[in-house]
Amino acid sequence: MLDRADTTPPGRAASVPDTSPVAFRGGGFVPATSRSAGWIALAAVLALWQLIGGVGLVNPLFLPTPLAILHAIGKLAASGALWHHLAVSVMRIGLGWIIGTSAGVVVGFAIGLSRVARSIGITFISALFPIPKIALLPLLILWLGIGEEPKIATIALGVFFSTAISVYSGVDAVPRNLIRMAQSFDVPFSTIVRKVIWPGALPSVLAGFRITASIALLLVVSAEMIGADYGIGAFVLQAGNLMQTDQLLAGVVILSLFGLVVGKLINLLEARLLHWR
């Protein structure tokens, strides 16, 4: 009687199983960047820009060369005007961002944790969030007077709504099974918020910080262009009115550098607070 376990056809040798190691394919998506590629591309663009302007293919009035812009920044720094305009803008951004972020975090957590607050808060946020905050600047000037208060309030309003949305979205994204597990062990509500909900919502909160930093920068420039004598936005507007395009682009470069610095600080904050990811 034939052995039923032997299924090898007659006249054919039994196949030997392949025992070679298989490459690991479960590493997940890990984005990687080249540190040198970005700098090389930037240097190439700047060199091409300088070459086009240096040979006279473009009128310097329309597009100053990078060296002319750098020279304008140096003159502004030497005269002290750069630091005065920058200090005023940083003060407005800092105060407006802190006020708007603090209020947005509180309201966002209230919406995420309370049914009543969610019903009321989402209604008002949905109605008021689409309004361009810079359009409220004349009304804020009427209410608060001519000074720093309306500009700071405009920035705070723009930051508040985006922060509140990112915070309650982060709270909603926390896995509910983790919350139910903590409740099943009679963990106090305040401890659940501090140990479960806050860490789970933190990635969305920090992502909101990155967005609101850009919003604050846009609003401060707009507010300074409308009603300010000092600040980077006022300086850019004045340079444009006088057709001083080298100084205008110098102001734009300063804004770009300021945004890069803020983004770097948020990256460091994420690396410190989200090291567990």
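Here is a friendly conversation about how the terms used for this predicted model follow from its values.

Visitor: What should I keep in mind about the model and its numbering?
Guide: Residues are numbered from 1 along each chain as its sequence is written, and side-chain values use heavy atoms, with hydrogens and water left out. This is a predicted model, in which local features need pLDDT of at least 70 and side-chain atom pairs count only at pLDDT 80 or more, while totals for chains, interfaces and linings use all residues.

Visitor: How many helices and strands does the protein chain have?
Guide: The protein chain has 10 helices and 0 strands. Both are DSSP runs numbered from the N terminus: H or I of at least four residues for helices, E of at least two for strands. Along the sequence, the pattern reads α-α-α-α-α-α-α-α-α-α.

Visitor: Why is the pair of Phe 109 and Trp 198 called tilted?
Guide: Rings of Phe, Tyr and Trp (its six-membered ring) pair if their centres lie within 6.5 Å; planes under 30 degrees apart count as stacked, over 60 as edge-to-face and the rest as tilted. For Phe 109 and Trp 198 the centres are 5.7 Å apart and the planes stand at 35°, so the pair is tilted. A search of the whole structure finds 3 aromatic pairs. This one links distant parts of the chain, with Phe 109 in helix 3 (residues 81-113) and Trp 198 in helix 8 (residues 189-227), 89 residues apart.

Visitor: What makes Phe 109 buried?
Guide: Buried means under 20% relative accessible area, exposed over 50%, and partly exposed in between (1.4 Å probe, protein chains only). Phe 109 has a relative accessible area of 11%, so the residue is buried. Trp 198, at 33%, counts as partly exposed.

Visitor: Which kind of aromatic pair do Phe 160 and Phe 161 form?
Guide: Phe 160 and Phe 161 form an edge-to-face pair, with 5.0 Å from centre to centre and 75° between the planes. Phe 160 is buried, and so is Phe 161.

Visitor: Which residues of helix 2 and helix 3 meet?
Guide: Ile 73, Leu 76, Ala 77 and Ser 79 of helix 2 meet Ala 81, Leu 82 and Trp 83 of helix 3, where contact means heavy atoms within 4.5 Å.

Visitor: Which residues touch the most other members of the largest nonpolar core?
Guide: A nonpolar core is a set of buried Ala, Val, Leu, Ile, Met, Phe, Trp, Tyr and Cys residues joined through side-chain atoms within 4.5 Å. Among the 19 residues of the largest one, Ile 155, Val 220 and Ala 250 touch the most other members. Its largest share, 5 residues, comes from helix 8. Not counting residues up to four places away in sequence, Val 220 touches Ser 89, Arg 92, Ile 93 and Ile 155.

Visitor: How do you know that Thr 154 counts as buried?
Guide: Thr 154 has 0% relative accessibility, so this residue counts as buried. Thr 154 sits in helix 6. Leaving aside neighbours within four places in sequence, Thr 154 is in contact with Lys 133, Ile 134, Leu 137, Leu 140 and Leu 219.

Visitor: What about Thr 65, buried or exposed?
Guide: Thr 65 is buried, because its relative accessible area is 14%. Its place is in the loop between helix 1 (35-54) and helix 2.

Visitor: What makes Asp 186 exposed?
Guide: Its relative accessibility is 69%, so Asp 186 counts as exposed. Asp 186 lies in the loop between helix 7 (176-184) and helix 8. Its phi is near 60°, a positive value in a residue other than glycine.

Visitor: Why is Met 243 called partly exposed?
Guide: Met 243 has a relative accessible area of 49%, so the term is partly exposed. Met 243 is found in the loop between helix 9 and helix 10.
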